Amino acid sequence: MVGRTLVRGGLVITAADEIHADVLVEDGRIAALAAHGSPGADSWAESADRILDATGKYVIPGGVDAHTHLDFPFGGTFSSDNFETGTRAAAWGGTTTLIDFAVQSRGKSLRDGLDTWHAKSDARCAIDYAFHMILSDVNEHTLKELDLLVAEGVTSFKLFTAYPGVFYSDDGQILRAMQRSADNGGLVMMHAENGIAIDVLVEQALAEGKTDPRYHGEVRRVLLEAEATHRTIQLARVAGAPLYVVHVSAEEALAEIAQARDKGLNVFGETCPQYLFLSTDNLAEPDFEGAKYVCSTPLRPREHQEALWRGLRTNDLQVVSTDHCPFCFQGQKELGRGDFSKIPNGMPGVENRMDLLHQGVVEGRISRRRWIEIACATPARMFGLYPKKGTIAPGADADLVLYDPTAEQIVSAETHHMNVDYSPYEGKRLTGRVETVLSRGELVIDRREFTGHAGHGQYIPRGTCQYLI
Ligand code: URP
Ligand code: ZN
Ligand code: ZN
């Protein structure tokens, strides 16, 4: 264990500031910042055990990815990254905290689901992690358990208006869960698509012989995302509860969130890199290649991307997470050859998020500080982790990324570290790359070499959402 580390000569970027400063790390935490070249900073250099030269680099907080599915059961298989491979890949991509979804199985308790996810993750993670809870079976017993979960640091619950028979909850169940969270301080996260109507359209499409991956996008209509978003916002209003809508992909759904926010409601929205960079053109790729892009909510026509970037600029969307849920093309996505509804839903991305969003900076879509806000600070605040995570300030965990803003890279499955046999961004040129990563002061990536280890990552019980008054 190195005592004092000095990160020297970089441009420190947080959601609030950009300053040329040296950062002193002691015992895994940020001890102090001082202007580069100031007498204070120079005296630290004399006593530091280790100096990391950040000249020409950005020094940013480690990314906080608030939406991942590691070792996640779906469609008769499991997502291909487990907690060891997924957290290692996250570190490579400059993410130092992730919040994964523990799953309640139907007929079982929340406790049971949470225990299972602790067993899957314990001693396997390279970076720090926390849990949300997926509610698959809202009943008297599980509603009571929600209070206990909030008290022990699992302060957000995902509900689904999609996937009837699997994760689906009806409006009554959703309302009850929202009422309970209005009382206990929890935050309901909503997968908003009208799954009952979608299942009708799936059945009709298959009956007409429309079996290719592109029909996944066609049946999961924009209007059915917008409708479910509208409906669940109204349910949240009735319950007096806050609402966080996950993986928003459609302009019309975003408009529902924007309208609610204009009314002053505690409604929040998350989008993901796949909706900012990919489209239905990818779902229509021939030879079943479109299966690589099957996720829900689905990719949308290109025009929606502009609306989502705008939403990020105007703060109608607050967070970009990955919804990392990888399935290999061979053996997993292939389960849906001849029937798009059997393609496991989900895409990889935990390693690419910080770079793809930085590309938004390079292309002039968002500012550098907004990049850090949507990828680090706001997810930390939204889910009760700030200022331990998401910023660079005295007392915060020393989760730091030395980021080279000028390095050029080409994304490829050949070179990525996620345990999946394809990249949805194959061949994409990006400017900017993670060079070095510290997690609580420990080097986990050192000049493009993995130096971390499974078991370094700690489970973090979370506080409640920090945006609620
Ligand atoms: O396609 C997706 N998003 N798979 C993961 C499960 C979910 O709904 O987030
Ligand atoms: Zn979802
Ligand atoms: Zn998800």
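**Donors and conventions.** Donors are N, O and S atoms within 2.8 Å of the metal (3.2 Å for Na, K and Ca); water is not among the atoms, so sites may look incomplete. The model is predicted: local features need pLDDT of at least 70, side-chain atom pairs count only at pLDDT 80 or more, and totals for chains, interfaces and linings use all residues. Residues are numbered from 1 along each chain as its sequence is written, chains are lettered from A and ligands numbered from 1 in the order in which they are written, and side-chain values use heavy atoms, with hydrogens and water left out.

**View 1. Three residues hold the zinc ion (ligand 2).** The protein donors are K158 (NZ), H191 (ND1) and H247 (NE2). They lie 2.1 to 2.2 Å from the ion. Along the sequence, the spacing of these residues reads K-x32-H-x55-H. K158 sits in strand 11 and H191 in strand 12, so the pair ties together parts that are 33 residues apart in sequence. Here helices (H or I, at least four residues) and strands (E, at least two) are DSSP runs, numbered from the N terminus. K158 has 2% relative accessibility, so K158 counts as buried. H191, at 1%, counts as buried too. Buried means under 20% relative accessible area, exposed over 50%, and partly exposed in between (1.4 Å probe, protein chains only).

**View 2. The zinc ion (ligand 3) has an irregular site.** H67 (NE2), H69 (NE2) and D323 (OD) coordinate this ion at 2.0 to 2.1 Å. The angles among its 4 donor atoms run from 87 to 138 degrees. Four donors count as tetrahedral if all angles lie between 85 and 135 degrees; four count as square planar and six as octahedral if opposite donors are over 155 degrees apart and all others between 65 and 115; anything else is irregular. Along the chain, the donors follow the spacing H-x1-H-x253-D. From the zinc ion (ligand 3) to the zinc ion (ligand 2) is 4.0 Å. H69 lies in the loop between strand 6 and strand 7 (73-74), and D323 in the loop between strand 15 and helix 13, so the pair ties together parts that are 254 residues apart in sequence. Both H69 and D323 are buried.

View 3. Two strands pair if DSSP finds at least two bridges between them. Strand 6 and strand 9 (residues 95-103) are joined by 4 bridges. G63 has T95 of strand 9 as its bridge partner. Contact means heavy atoms within 4.5 Å.

**View 4. Two hairpins link strands 1, 2 and 3.** Strand 1 (residues 4-13) and strand 2 (residues 18-26) run antiparallel, joined by 8 bridges. The hairpin between them passes through 4 residues. I13 is paired with E18 of strand 2. Strand 2 and strand 3 (residues 29-35) also run antiparallel, with 6 bridges. Their hairpin has 2 residues between the strands. In that turn, D27 has a positive phi of about 50 degrees. D22 has A34 of strand 3 as its bridge partner.

**View 5. The largest nonpolar core has 129 residues.** Such a core is a set of buried Ala, Val, Leu, Ile, Met, Phe, Trp, Tyr and Cys residues joined through side-chain atoms within 4.5 Å. I60, M133, L135, M178, Y244 and W371 have the most contacts inside it. Not counting residues up to four places away in sequence, Y244 touches residues including L187, F268, V319 and F383. Apart from this core lies another, of 16 residues, among them V12, A21, V25 and L52.

**View 6. K210 sits in a loop between two helices.** The loop runs between helix 6 (195-207) and helix 7 (214-219). At 29% relative accessibility, K210 counts as partly exposed. K210 touches A205, Y215 and F340, leaving out residues up to four places away in sequence.
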